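Here is a short tour of a two-chain model, meant to be read with the structure open beside you.

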Amino acid sequence: MAVAAGSAPPPPSNVPLLYRRGVRRLLTQGIYVAITAVVIGYIYTSLDLREFGFGFLDEPAAFKVGNQWLVDVDGVTNSRLTMYLVGVWSSLRAVMVAIALSTVLGVLIGVARLSSNWLVAQMAMLYVEIFRNTPLLVQVVLVYTVLLVGAPLIENVFNVGDFFFVSNRGMAIPWPVPDSGFWGAPEWFVWVWVAVLLLFAAAAQRVRANRQELERDTGQPHYANRWALALFAVGALVSFFALGAPVSMDLPMIVGTHYIEGMVMEPEFTALVAGLTLYTSAFIAEIVRGGIQALPKGQSEAANAVGLSGYQRLTLVILPQALRQIIPSVTNQYLNINKNSSLAYAVLYDDLFRVANIVQNKAGHALEMFFVIIVTYMLISFAISMVMNFFNARVTAQRI
Amino acid sequence: MSSETTTPAPAVREEIAQADDIIITENVDKWFGDFQALDDISLNVREHEIVVVLGPSGSGKSTFIRCLNRLEEHDAGKIVIDGIEMNDDVRNLNAIRSEVGMVFQQFNLFPHLSVMNNITLGPRKVRRMPKLDADALATQLLERVGIPEQADKYPAQLSGGQQQRVAIARALAMQPKIMLFDEPTSALDPEMIKEVLDVMQELARSGMTMIVVTHEMGFAREVADRLVFFDEGNVVEQGTPQHFFENPQEERTKLFLSQIL
């Protein structure tokens with residue numbers, strides 16, 4: 001402030017002290033510093049009374065966490081921190097799937113709302129109005145109820161060829177597991193295969209780029225995607241058998257009233273992801289529609305006059321420009337998905353918030369747990385923002 | 001429509017006198033809700049002919065040329081472009097759009113693409129022209145409109161007149177037989193109008209069939225083979241520039257010309 005005040009000449013000495021800008025600045029800052037000191041002092045003494053610390057997180061958990069995926073933690077010997085991280089992983093999984101699904105669905109419905117086909121446009125509008133105007137909590141619980149009550153009991157499971165089951169305990173599908181294959185190779189052979197797959201993926205990407213360039217240079221179709229896919233598929237198959245089939249499919253089975261083996265998508269996960277997707281896709285649809293409608297009508301007309309097809313018009317002219325409007329708003333929706341995922345609480349999906357609550361019930365330390373919860377959500381949000389800012393920078397690189 | 005009082009258009013140039021009609025419109029109607037924008041228009045244009053369309057705002061002149069490449073759909077009547085009828089057949093529509101180029105009042109360049117890509121987008125994506133050929137064509141067209149040095153800039157970096165010249169090059173890149181101009185100089189600063197009109201004049205001399213909606217009377221007088229005056233969705237009067245400026249027949253035409261000249 002001294003620097004800023006220094007630029008102007010000092011007022012004549014007959015101006016009362018309270019009317020001097022420099023004095024006022026000093027005064028307000030003094031008040032601010034005093035309040036802050038009081039608050040920090042209060043927090044410090046309170047924390048001291050409560051024995052603030054995170055040591056309790058290292059103690060054994062002694063509770064179970066459901067809805068695990070690709071991890072298998074029983075909670076007997078594991079620390080509370082481990083269980084919390086299992087919850088974080090569950091949250092991340094739901095958030096990532098919901099972001100992917102709501103983006104695809106949102107863009108489709110947003111474009112559909114602008115369709116010249118009356119029925120398509122009206123259906124899209126109905127979708128948006130229903131899911132945008134009802135609470136997310138209601139949607140999540142409704143989907144969960146439908147899955148629990150509407151789906152058959154596991155005794156009358158809906159069975160497709162003994163490899164796909166649907167019941168109110170969730171959906172079970174086959175899942176790949178490492179296998180010794182026909183030579184009895186060690187299990188790590190599966191990683192050799194994965195490495196080979198990555199090589200083929202890189203090669204396919206290369207072929208795709210080459211063919212796209214050829215298509216651009218000659219104007220003739222060179223089927224870049226088909227060639228790349230074919231190369232990858234052939235490479236995957238050949239290397240699979242050459243390595244002696246290092247992976248086998250684990251078929252789901254029902255023993256008593258439980259699924260075993262295979263991969264189970266539990267109703268809690270489905271309900272949470274479905275709720276988040278339905279709700280958020282309605283907002284994303286509106287953002288996409290707004291982004292497209294904000295463009296001058298002349299852009300579509302010029303694209304038409306040049307002779308572009310409807311699909312070319314959308315992908316070459318409209319969406320590249322609309323993305324500048326769309327990405328910042330869609331980023332907000334992704335952040336909402338992250339925060340709203342805490343509604344897992346309502347359907348007993350063991351996300352980070354629910355696990356944190358269990359820990360807190362057992363160990364106390366509410367202040368520390370809420371600190372951990374808030375920091376975790378913020379970290380996930382920052383990660384989402386960073387990725388989206390990267391995309392935004394790419395889209396807005398050209399000033400228009 | 002006052003066709004009986006309209007003077008038939010005498011073809012001023014030899015090549016037009018012998019040419020066939022490339023645009024045929026018969027009894028075309030266009031409605032916007034309750035408002036009739038075009039009322040029973042029958043207007044033919046010969047190959048290589050330069051037609052300038054005049055009229056007050058709301059007279060239907062823009063709507064008329066926008067119907068010629070289906071930016072607006074006509075409600076009744078018949079439109080035939082170079083022997084292809086404009087109907088619900090998608091193949092016909094695509095064929096017509098590749099024969100008809102259009103230049104807009106607001107340029108409507110694609111702001112996210114460079115000048116080069118603005119011009120080559122259509123040839124590459126619609127005509128599947130190799131990139132090298134498309135680039136060569138674009139360079140040649142930019143030279144023709146007088147701004148070869150702007151190829152790598154973006155539309156926002158150009159002046160209005162330069163943008164409109166790029167828009168003309170973009171339309172020409174599809175190698176159309178017919179060019180439609182919808183008030184191409186109305187959004188320009190006065191000192192930039194001439195550079196665009198010069199390009200259009202050069203285009204006219206090269207034998208392009210052109211329909212130009214404009215208020216540039218100098219251009220109309222100098223370049224047009226025929227002037228057509230629209231009012232309230234009708235063709236009120238048409239004729240050579242000489243007929244129009246020296247001896248207009250209709251009261252409505254006289255009134256309009258007295259206000260604009």
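Two strands count as paired if DSSP finds at least two bridges between them. With that in hand, and remembering that this is a predicted model, start in chain B with B:Val52, whose bridge partner in E9(B) is B:Val212. The strands concerned are E4(B), residues 50-54, and E9(B), residues 209-213, which pair in the parallel sense over four bridges.

Now step back to the sheet around them. Six strands of chain B make an open sheet in the order E7-E8-E9-E4-E10-E11, and the pairing is mixed. E7(B) and E11(B), the latter spanning residues 234-239, are the edge strands, each pairing on one side only. From one strand to the next, the twist averages 20°.

## Helices on the chain B sheet

Which strands does helix H7(B) touch? Helix H7(B), residues 190-205, packs on the sheet and touches E4(B), E8(B) (178-182) and E9(B). The direction of H7(B) makes about 150° with that of E9(B).

Helix H10(B), residues 251-260, lies across E4(B), E10(B) (226-231) and E11(B). Relative to E10(B), helix H10(B) runs at about 100°.

## A hairpin in chain B

Elsewhere in chain B, strands E1(B) (residues 21-32) and E2(B) (residues 35-41) pair in the antiparallel sense over four bridges. One residue to look for is B:Lys30, which has B:Leu38 in E2(B) as its bridge partner. Two residues lie between the strands of this hairpin, where B:Gly33 takes a positive phi near 65°.

## The sheet in chain A

Chain A has an open sheet of four strands, ordered E1-E2-E3-E8, with antiparallel pairing. Strands E1(A) (158-160) and E8(A) (263-265) are at its edges with a single partner strand each, so one side of each is left without a neighbour in the sheet. The twist here averages 15° from one strand to the next.

Strand E3(A), residues 170-173, is joined to E8(A) by three bridges, and the two run antiparallel. Here a methionine faces a methionine: A:Met171 stands opposite A:Met265 in E8(A).

## Where the chains meet

The size of an interface is often given as the accessible area lost when the parts come together. For chain B and chain A, about 2300 Å² is buried between them, with 59% of it on carbon and sulfur atoms. On the chain B side, B:Arg97, B:His112 and B:Arg128 lose the most area to chain A, together accounting for 24% of what that side buries. The contact draws 27 residues from chain B and 26 residues from chain A.

How many salt bridges are there between the chains? The count is two. B:Arg128 forms a salt bridge with A:Glu215, where the closest N and O atoms are 3.7 Å apart. There are also seven residue pairs in polar contact between chain B and chain A.

Strand E7(B) (100-103), helix H4(B) (115-125) and helix H5(B) (131-144) are the elements that give two or more residues to the side of chain B touching chain A. Of these, H4(B) gives the most, with four residues. By type, the residues on that side of chain B are 15 nonpolar, five polar and seven charged.

Key: Residues numbered from 1 in each chain as written. Chains lettered and ligands numbered in written order. Predicted model: local features only at pLDDT ≥ 70, side-chain atom pairs only at ≥ 80, totals over all residues. Heavy atoms only, no water. Contact = heavy atoms within 4.5 Å. Buried area = accessible area lost by both parts, 1.4 Å probe. Salt bridge = Lys/Arg side-chain N within 4 Å of Asp/Glu carboxyl O. Polar contact = N/O pair within 3.5 Å; in protein donor to acceptor, adjacent residues only side chain to side chain. Nonpolar A, V, L, I, M, F, W, Y, C, P; charged D, E, K, R; others polar. Axes fitted to C-alpha atoms, helices over the stretch in contact; angles between N-to-C directions.
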